[in-house]
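User: I've got a structure open here and I'd like to talk it through with you. Can we go question by question?

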Amino acid sequence: MTRLRRILDGGVGYSACLILMAMVAVLVWQVFSRYVLNAPSTSSEELLRYGMIWSSLLGAAFAAGRGTHMSVELLPGMAPPRVRRLLGLLVPLSFIVFAVAVLIIGGFRAVSVAGTQTSPVMQIPMQWVYAAMPVSGLLIVIYSLLNLVERIAGRRDEADEFEKALAAGD
């Protein structure tokens, strides 16, 4: 279980970081070509848009796995320990339902609809862009199942305050 989580964290985290690094390089090129060369790049905006989609959805899966996603702490904070434990199980279950219904099923529908479309400038098949939905949905389901099993076994609580502060940027 821990090994699978470590492999997932490494793969998803490194992928999101590589995409972000590529986006920074493309953005620097876009600014340089527009203001220094006076010849704006035509494909950089499209690349940045698709990179943002992939990095956002991979980041959402990573946050769901770490338990650093946005949450409302009022109800669990006021609840007795038994209800708090049940509410802690409700979060990964609701993530699974959302990921399956919206990201996986809806994502596969979007991929099939985009089957014949290509991006306007770079002529990339739009299936590759829309594939971010089912990929991140599958990752969220796997992470949520891991979180659920660990919570039932009593080996995982919510993210500690340091992880939440780090995720929030505080």
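User: In what order do the elements run from the N terminus on?
Analyst: Keep in mind that this is a predicted model. The protein has seven helices and zero strands. Reading from the N terminus, the order is therefore α-α-α-α-α-α-α.

User: What share of the residues in the protein is buried?
Analyst: A residue counts as buried when its relative accessible area is under 20%. The protein has 170 residues, and the buried share of them is 34%.

User: And of the contacts with a separation of 6 or more, what percentage comes from residues 24 or more positions apart?
Analyst: Contact here means heavy atoms within 4.5 Å. For contacts in the protein with a separation of 6 or more, the part that comes from residues 24 or more positions apart is 73%.

User: Are Glu150 and Arg5 buried or exposed?
Analyst: Glu150 has a relative accessible area of 8%, and Arg5 has 11%. Buried means under 20%, so Glu150 and Arg5 are both buried.

User: Where does the Arg49 and Glu45 pair lie, and how many residues apart are the two?
Analyst: Arg49 is partly exposed at 41% relative accessible area, and Glu45 is partly exposed at 47%. An α-helix has 3.6 residues a turn, so residues three or four places apart point the same way. Arg49 and Glu45 are about one turn of the helix apart, both in helix α2 (residues 44-66), with a spacing of four residues.

User: How far does α2 reach from its first C-alpha to its last?
Analyst: α2 has 23 residues, and at 1.5 Å a residue the expected span is 33 Å. The model comes close to that, with a reach of 32 Å.

User: Which helices do the buried residues of α2 pack against?
Analyst: The buried residues of α2 include Leu48, Tyr50, Gly51, Leu58 and Ala61. The buried residues of this helix pack against α1, α4 (81-113), α5 and α6.

User: Which helix gives the most to the lining of the second largest pocket?
Analyst: That pocket holds about 200 Å³ of space, and its lining has 11 nonpolar, one polar and no charged residues. Among the lining residues are Ile19, Met23, Leu47, Trp54 and Trp128. α1, α2 and α5 (126-130) each supply at least two residues. With five residues, the helix that gives the most is α2.

User: Which elements give two or more residues to the lining of the largest cavity?
Analyst: The count comes to one cavity of 30 Å³ or more, and the largest cavity has about 90 Å³ of space. Of its 10 lining residues, the closest to the centre are Ala64, His69, Val91, Asn147 and Arg151. By class, the lining has four nonpolar, four polar and two charged residues. The elements that give two or more residues are α4 and α6.

User: Which residues does Leu89 touch, leaving out those up to four places away in sequence?
Analyst: Leu89 is in helix α4 and is buried at 17% relative accessibility. Its C-alpha atom is 7.1 Å from that of Arg151, a residue 62 residues away along the chain. The residues that Leu89 touches are Leu148, Arg151 and Ile152.

User: Where does Asn38 sit, given its positive phi?
Analyst: Most residues other than glycine have a negative phi. Asn38 is not a glycine, yet its phi is about 60°. Asn38 is exposed, with a relative accessible area of 67%, and its place is the loop between α1 and α2.

User: And Gln123, which loop is that in?
Analyst: Gln123 also has a positive phi of about 60° although it is not a glycine. At 48% relative accessibility, Gln123 is partly exposed. Its loop is the one between α4 and α5.

Terms used. Residues are numbered from 1 along each chain as its sequence is written. This is a predicted model: local features need pLDDT of at least 70, side-chain atom pairs count only at pLDDT 80 or more; totals for chains, interfaces and linings use all residues. Side-chain values use heavy atoms; hydrogens and water are left out. Buried means under 20% relative accessible area, exposed over 50%, partly exposed in between (1.4 Å probe, protein chains only). On a 1 Å grid over the protein atoms alone, a cavity is a set of points where a 1.4 Å probe fits but cannot get out, and a pocket is an open set with protein on both sides within 12 Å along at least five of seven lines; lining residues have an atom within 4 Å of a point. Grid points are joined across faces, edges and corners, and a volume is the space filled by probe spheres set on the points. Ala, Val, Leu, Ile, Met, Phe, Trp, Tyr, Cys and Pro count as nonpolar, Asp, Glu, Lys and Arg as charged, and the others, Gly among them, as polar. The expected span of a helix is 1.5 Å times one less than its number of residues.
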